[in-house]
Amino acid sequence: MFIKPEDKAIGKENFEIAMTLGADKVRGITRREFLAGTIAAGAVSGAGLGAMYFHYGKSVPNPVRVGFIGTGDEGSVLIGAHTPSYLEVKAIADIRPYNIHRAFHGDWSSPNTIGVRPGLMKKYGWSDETEARKHVKVYTDGYDELLDNPDIEAVVIALPLHLHAEAAIKAMRKGKHVLTEKLMGQTVGRCKEMGRVSKEQKKLLATGHQRHYSILYDNAIHTIKNGLLGDLHHIRAQWHRNNLPGNDSWQPNLPADPKLADRLKRTKAKLAELQKEKKPDALEIDRTVKLIAQLEMQIADKALDAAKHGYIAKQIGPGYEYSPIEELIRWRLWQRTGGGLMAELGSHQLDAAGIFCTAVRTDGEKARPLTVNAVGGRHIFPLDRECEDHVYCTYEYPAPEYHPQENPEKKIVVTYSSINGNGFGDYGESVMGTKKTLVLLREQEVTLFENEGTSTKIKVGKNDTLDTTASGGGAAAVGKMAMEMGPISRGYTEEMEHWAWCIRNPD
């Protein structure tokens, strides 16, 4: 996006023009300076950065009245990331008492979890759950009643993967707009059906691939388009985790697991010790009390009849049978309910690879792979799951000069690995050109490497980094400014704001 030469702006008007037209250069304001100013504005307002950076409207006439269907790990992240001036949460639906509790109170499992899942009470300033329930209707026996609620205009769907299409289609046929978490659907056929219903019902259907709304990724696209990397020829992507048998984030404790009861006992003992101190730490006591309440609700899930809601028991090998409650809670591990590593992790990074390979095209078409080769297996986990714990893929994309007869070797090769048992390298993408390499790590850090080995790395807040696509003293100056401005969004906030803005502006 570029400002036209005839567009004139000075002073404060620079950013108003940037909001409506986009900006790589506005009367001397470079993209680097624009990014710094955008971050500053977002830090002051407390809202997402999309209105200024992606130039959709700064607000909507009245917030879209939305219901959240599924308030588990990802649903609670989306609750924490939404902007109340765009979306007003009027209802939530979840069959697990634990998830309903976290939706209101936040997730106190760790300092990181409460940061990304702060809960509705924190988001709206409600004093307690009683007050919150005056504003938010709660559905615990499925979501059909929520869809029948005429006060709900749109729904965010964060259910297990196998339920995305069914819930989205029901919602659109009930007159609701939909934002569904990735994957859009479990099969290509279901995705196409979702698309047909969206057109038939004239309802917006959005899918949660948040990298499309990440300022860091958009800046990377401009870096590639502007030729700073040279000729793009290789992308190396990975998502490596330290998950091991007995310590797997996809295998959380079941409600009746003695380990969960033991953790509750130890946390209560910790609270008793904190209360005995001469100068009790009020904040630590408060956090511990909230964690106890959360653990009690997690254990309360054992009273849930998961089979009533369609979950099943299944024998998957000699000596291992999972129960309906295990299929529900550990849904990512099973073929019927999930899609394994490529669905949950690889989908994001192959989406990013497609974005980058599309950025070098000049015909306006989306880049699609020419070939794919993949292997995978269950290399370190026992037979307590159906999905692989290691996956390795190689994709060939067409480079700009590719022609199947005249230039068949002009390709961009993307390699991808998703493994458990070793987290070395974490997750991210390395985009390699003939001049420079762009490394995106954890959706938070961007580093531009010269092929000679030097780099430009600009920190934004404690954990976030902004690539300035510049070198020398200017880069350090922006880095210093950015560090004082705080972190930026991974894109969740902006994707929901834009969805709401499009609902209010259907043209």
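This is a predicted model: local features need pLDDT of at least 70, side-chain atom pairs count only at pLDDT 80 or more; totals for chains, interfaces and linings use all residues.
Residues are numbered from 1 along each chain as its sequence is written, and side-chain values use heavy atoms, with hydrogens and water left out.

**The second largest pocket**

- The second largest pocket holds about 500 Å³ of space; a volume here is the space filled by probe spheres set on grid points, which are joined across faces, edges and corners.
- A pocket is an open set of points on a 1 Å grid over the protein atoms alone, where a 1.4 Å probe fits, with protein on both sides within 12 Å along at least five of seven lines; lining residues have an atom within 4 Å of a point.
- Its lining counts 15 residues, and His-209, Ser-347, Leu-350, Asp-351 and Lys-366 are the ones nearest the centre of the second largest pocket.
- Two or more lining residues come from each of α16 (340-359) and β13 (390-398), and α16 gives the largest share, 4 residues.
- Helices (H or I, at least four residues) and strands (E, at least two) are DSSP runs, numbered from the N terminus.
- Sorted by class, the lining has 8 nonpolar, 5 polar and 2 charged residues; Ala, Val, Leu, Ile, Met, Phe, Trp, Tyr, Cys and Pro count as nonpolar, Asp, Glu, Lys and Arg as charged, and the others, Gly among them, as polar.

**Helix pairs**

- Axes are lines fitted to C-alpha atoms, for helices over the stretch in contact, and angles run from 0 to 180 degrees between N-to-C directions.
- For α13 (residues 258-276) and α14 (residues 282-300), the axes come within 10 Å and cross at roughly 160°, which makes α13 roughly antiparallel to α14 (angles over 145 degrees).
- The contact of α13 with α14 (heavy atoms within 4.5 Å) involves residues including Leu-260, Leu-264 and Leu-271 in α13 and Ile-285, Val-289 and Ile-292 in α14.
- That contact comprises 11 nonpolar, 4 polar and 5 charged residues.
- Helices α4 (residues 73-81) and α18 (residues 492-504) pack at about 75° with axes 9 Å apart, and are therefore roughly perpendicular to each other (65 to 115 degrees).
- Here Glu-74, Val-77, Leu-78 and Ala-81 of α4 meet Tyr-492, Thr-493, Glu-495 and Met-496 of α18, a set with 5 nonpolar, 1 polar and 2 charged residues.
- The axes of α10 (residues 164-173) and α11 come within 10 Å and cross at roughly 10°, so α10 is roughly parallel to α11 (under 35 degrees).
- Among the residues in this contact are His-164, Ile-169 and Met-172 of α10 and Arg-190, Met-194 and Val-197 of α11; by class they divide into 6 nonpolar, 3 polar and 5 charged in total.

**Local backbone features**

- The peptide bond from Lys-182 to Leu-183 is cis, with omega near -15°, and Leu-183 sits in the loop between β7 (177-181) and α11 (188-201).
- Arg-442 is not a glycine, yet has a positive phi of about 55°; Arg-442 belongs to the loop between β16 (436-441) and β17 (445-450).

**Around Ala-206**

- Ala-206 is part of strand β8 (residues 205-208).
- Apart from neighbours within four places in sequence, Ala-206 is in contact with Val-178, Leu-179, Thr-180 and Trp-499.
- Ala-206 and Glu-495 are separated by 289 residues in sequence but by 8.7 Å in space, C-alpha to C-alpha.
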